[in-house]
Protein chains: 2
Amino acid sequence: MVMKKITSPFNITLQHESIDSQITAALERLGESLRILLSTEAREHGLSPIQAQVIIFLQSHSREKNTLSYLAKEFSLTKATLSDVIKILVEKDLVQKKERPSDARSQVLALTPAGKKIASSCGQFANPLLLPVSHLNQQQKLTLKHSLFTLIHSLYQQRIITIQRMCYTCIHFSPATPFPFCNLLKIDLTEEKLRLDCSEHEENKERKV
Amino acid sequence: MVMKKITSPFNITLQHESIDSQITAALERLGESLRILLSTEAREHGLSPIQAQVIIFLQSHSREKNTLSYLAKEFSLTKATLSDVIKILVEKDLVQKKERPSDARSQVLALTPAGKKIASSCGQFANPLLLPVSHLNQQQKLTLKHSLFTLIHSLYQQRIITIQRMCYTCIHFSPATPFPFCNLLKIDLTEEKLRLDCSEHEENKERKV
DNA sequence: AAATATAGTTAGGAATCCTAACTATATTTG
DNA sequence: CAAATATAGTTAGGATTCCTAACTATATTT
């Protein structure tokens, strides 16, 4: 993180950036790019970025859990903000609210047929990272996945991310017996099988370090 | 990228996410977290996120090139948007505009003493990624750096990123003779030395693939 | 010298996202 | 069981972000 300045024999200031800060800078850069891309693509579909995010999320996570409050946590926004967004999506007939018998205060959010249609065309969002990622070799991919998962887990432990659904933080996860194991699916969680976003995830609130 | 759905012996739907899409999802997740973090931290310093980004950028890139237009490209915003942001920063006496003798239309942006002061306290932005990154082993770091640089370079080639300052896209960069080499600094660009953001960078507009 | 390009500003407006105050239902507790 | 507290969600009002379009002024090209 320290920035050393060295004068080279050619009288040019050499910045020596540590590899750690180069990595964090690269992650920031990629994140920024993806965000700009999302907003551009969303606009082409007549959606705002957050509207698109909600629709894509509902498409890939269809289930009872999807309430307004849950989405607010997912996106780190207030309920008021999400309420506005959902209201517009309901007016556009892309999302519908269904009563939840178990709790009269809350409603389950789901895509309407029109919403599903848009979602699947948004799902085609030509993610410009997929091609270059696919060109990495298998070893690089595994290392990359492992490193990124570690970083996300660390943000979760630092309480910066409040919601996620990765194996490390699931009540069904056994750390090492002798390998990480999923007690629900009864499978060894090799590097390949570890999930970032499991539909069966149930949070283990302990957040052991 | 294909999402296979398999019914497990336990009647639980197994999603098989490809490692490629897990990686892109993880990158999106990290990017989103960093953005939220920036906005939180900026607010604590009485700045908006974009104001903070501008100040941090000016701190680490003090030079003639820093015009309003350059920053607009850097952040993928319009000149109108940047003009507003800069106006406010000038009113707050954090940024100053200096005349540029070579071109009377444009002005060079630089931090005022007050701006530098804020910048260095913002520079302390406890980046929550630095600690977990530092705990990766050297081999993981090198692979991570290499992969992330490759991805950024690919976004540049796809014209999604319009400005950057990494070795691959610099006129002083020789790809392999037999190793990548910087013709300006006269050094071999080993993985360790490759830069993401070099102050001597001059764009090679060819964008060879 | 005229046409075109570039740097930057201004005005007006849509969208994002917040806080605070509120209603209604659930849950906990004395 | 009634009162206190917590949770789901809405509404109103406002600050900020960020855009397009129209504009001025200076540079560059033809």
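Strand 6 (residues 181-182) of chain B is paired with strand 7 of chain B in the antiparallel sense, over two bridges; strands are DSSP runs of E with at least two residues, helices are runs of H or I with at least four, both numbered from the N terminus, and two strands pair if DSSP finds at least two bridges between them. Opposite B:F181 stands B:D188 in strand 7 of chain B.

Three strands of chain B make up an open sheet, in the order 5-6-7 with antiparallel pairing. Strand 5 (173-174) and strand 7 (187-188) of chain B are at the edges with a single partner strand each, so one side of each lacks a neighbour in the sheet.

## Basis of the model

This is a predicted model, in which local features need pLDDT of at least 70 and side-chain atom pairs count only at pLDDT 80 or more, while totals for chains, interfaces and linings use all residues. Residues are numbered from 1 along each chain as its sequence is written, and chains are lettered from A and ligands numbered from 1 in the order in which they are written.

## Where chain B touches chain A

On chain B, 57 residues are in contact with 57 residues of chain A, contact being C-beta atoms, placed from the backbone, within 7 Å. Helix 1 of chain B supplies the largest share of the side of chain B that touches chain A, 18 residues.

## Around DNA strand C

DNA strand C is surrounded by 23 residues, the closest being A:S48, A:A80, A:A104, B:S83 and B:S106; a residue is near the strand if its C-beta atom, placed from the backbone, lies within 6 Å of it. Helix 4 of chain B gives the most to this surface, five residues.

Technical notes:
Contact = placed C-beta atoms within 7 Å.
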